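Hi,

Here is the model I promised to pass on. Have a look at it first, and then read my notes below.

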Amino acid sequence: MSALWLSLTLGLVAGLADYLGGFLLVRQSPSARALRYFVALGAGFMLAAAVLEMIPEGLRVNARFAPLLILAGYCGVHLLEHSLVPHFHFGEETHHHEFLSAKTSYSVLLGLATHTFFDGVAIGSGFVLSHWLGWILFFAVFLHKIPEGFTMASVMLAGGRGPAAALNSALFLGAMTVLGVLVINLEPDWVRVGLPLSAGVTIYVAATDLVPEVNREPGLRMALVFFVGVVVFFILRLLGPG
């Protein structure tokens, strides 16, 4: 299978995981603890992948501007979350008193759609450079997709929208992931910008959105799950080429 079709297929798989998260909420909510395990595992894997793969590769393809683009990706999401998107708990069912209007719910959708678009950009950029990097970034994205879809669906329900709107919002996040993959594949030269930007976004999502959720859980168990995510990355790196 060519890199184009493989990246699009895996982008679709990652996008469907968003929908699965929304479906689980609408049909039968999983426990917050189970979701936090996914969050912790994904945070560790994402942070390791961003620091040890995305940043070095970004510097290799765009040594001059990569540091600035990484910072821009991080700061851009930070600005978005503190202007358009109100505070919410990632990967956890939202309490109904936190979201009172449909407008607020759609602002959260916009913020998470930005995340998911760059999820797709990361996957597509990885496969433009190598199958190995593409697979690593796919796993990094996939691990946080179910909590992400669960979060989005819960926000829509808390904003007074029905189950159909909750499922459609999770589906929209998945579609934005596929769009991000497609954009990079249509213009592979954009990897010089897309990979460093998505590295900054990935670091923000892992370290600023996900790690605080891990830290909310008392005790050592959740912290260990975070480190398991890092260890899984290192194992895959040892098994990979080079």
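**What I found**

Helices here are DSSP runs of H or I with at least four residues, strands are runs of E with at least two, and both are numbered from the N terminus.

Some housekeeping before the rest. This is a predicted model, where local features need pLDDT of at least 70 and side-chain atom pairs count only at pLDDT 80 or more, while totals for chains, interfaces and linings use all residues. Residues are numbered from 1 along each chain as its sequence is written, and side-chain values use heavy atoms, with hydrogens and water left out.

**Annotation and overall make-up**

The span above comes from the UniProt record, an unreviewed entry, whose "transmembrane region" annotation covers residues 33-52, 121-143, 164-184 and 219-239. Those positions are in the numbering used here, feature names are shortened, and annotations may be inferred rather than shown by experiment. For residues 219-239, the end C-alpha atoms lie 32 Å apart, with 90% helix and 0% strand.

The protein chain has nine helices and zero strands. Of its 242 residues, 52% are buried (under 20% relative accessible area; exposed is over 50%, partly exposed is in between, with a 1.4 Å probe and protein chains only). Taking contacts (heavy atoms within 4.5 Å) between residues at least 6 apart in sequence, 85% join residues at least 24 apart.

Two packed helices are described by the angle between their axes and the distance between the axes. The axes are lines fitted to C-alpha atoms, for helices over the stretch in contact, and the angles run from 0 to 180 degrees between N-to-C directions.

Helix α1 (residues 3-27) and helix α7 (residues 163-186) have axes 8 Å apart and pack at an angle of about 165 degrees. That makes the pair roughly antiparallel (over 145 degrees; under 35 is roughly parallel, 65 to 115 roughly perpendicular, and the rest oblique). α1 passes α7 in a right-handed crossing, i.e. the near helix is turned clockwise from the far one by less than a right angle, with anticlockwise being left-handed. On the α1 side the contact includes Ser-7, Gly-11, Gly-15, Asp-18 and Gly-22, and on the α7 side it includes Ala-166, Ala-170, Gly-174 and Thr-177. By class, this contact has 16 nonpolar, seven polar and one charged residues. Ala, Val, Leu, Ile, Met, Phe, Trp, Tyr, Cys and Pro count as nonpolar, Asp, Glu, Lys and Arg as charged, and the others, Gly among them, as polar.

What about α1 and helix α6 (residues 145-158), at what angle do they cross? Roughly 45 degrees, with the axes coming within 6 Å. That makes α1 oblique to α6, and the crossing is right-handed. Among the residues that meet are Ala-14, Asp-18, Gly-21 and Leu-25 in α1, and Lys-145, Glu-148, Gly-149 and Ala-153 in α6. The residues of this contact divide into nine nonpolar, four polar and three charged.

To close the trio, the axes of α6 and α7 come within 8 Å and cross at roughly 140 degrees. That makes α6 oblique to α7, and this crossing is right-handed too. The contact includes Glu-148, Gly-149, Met-152 and Ala-153 of α6, and Pro-163, Ala-166, Ala-170 and Leu-173 of α7. Its classes come out as nine nonpolar, three polar and two charged residues.

Ser-7 sits in α1 and counts as buried at 0% relative accessibility. Neighbours within four places in sequence aside, Ser-7 is in contact with Ile-123, Phe-127, Val-181 and Asn-185.

Phe-138 is found in helix α5 (residues 131-142) and is buried, with a relative accessible area of 6%. The C-alpha atoms of Phe-138 and Ser-7 are separated by 8.5 Å, although the two residues are 131 apart along the chain. With the neighbours within four places in sequence again left out, Phe-138 contacts Leu-10, Val-13, Ala-14 and Ile-123.

His-115 belongs to helix α4 (residues 102-129) and is buried at 2% relative accessible area. Which residues does His-115 contact, leaving aside its neighbours within four places in sequence? They are Val-77, Glu-81, Glu-148, Val-205 and Asp-209.

Cheers
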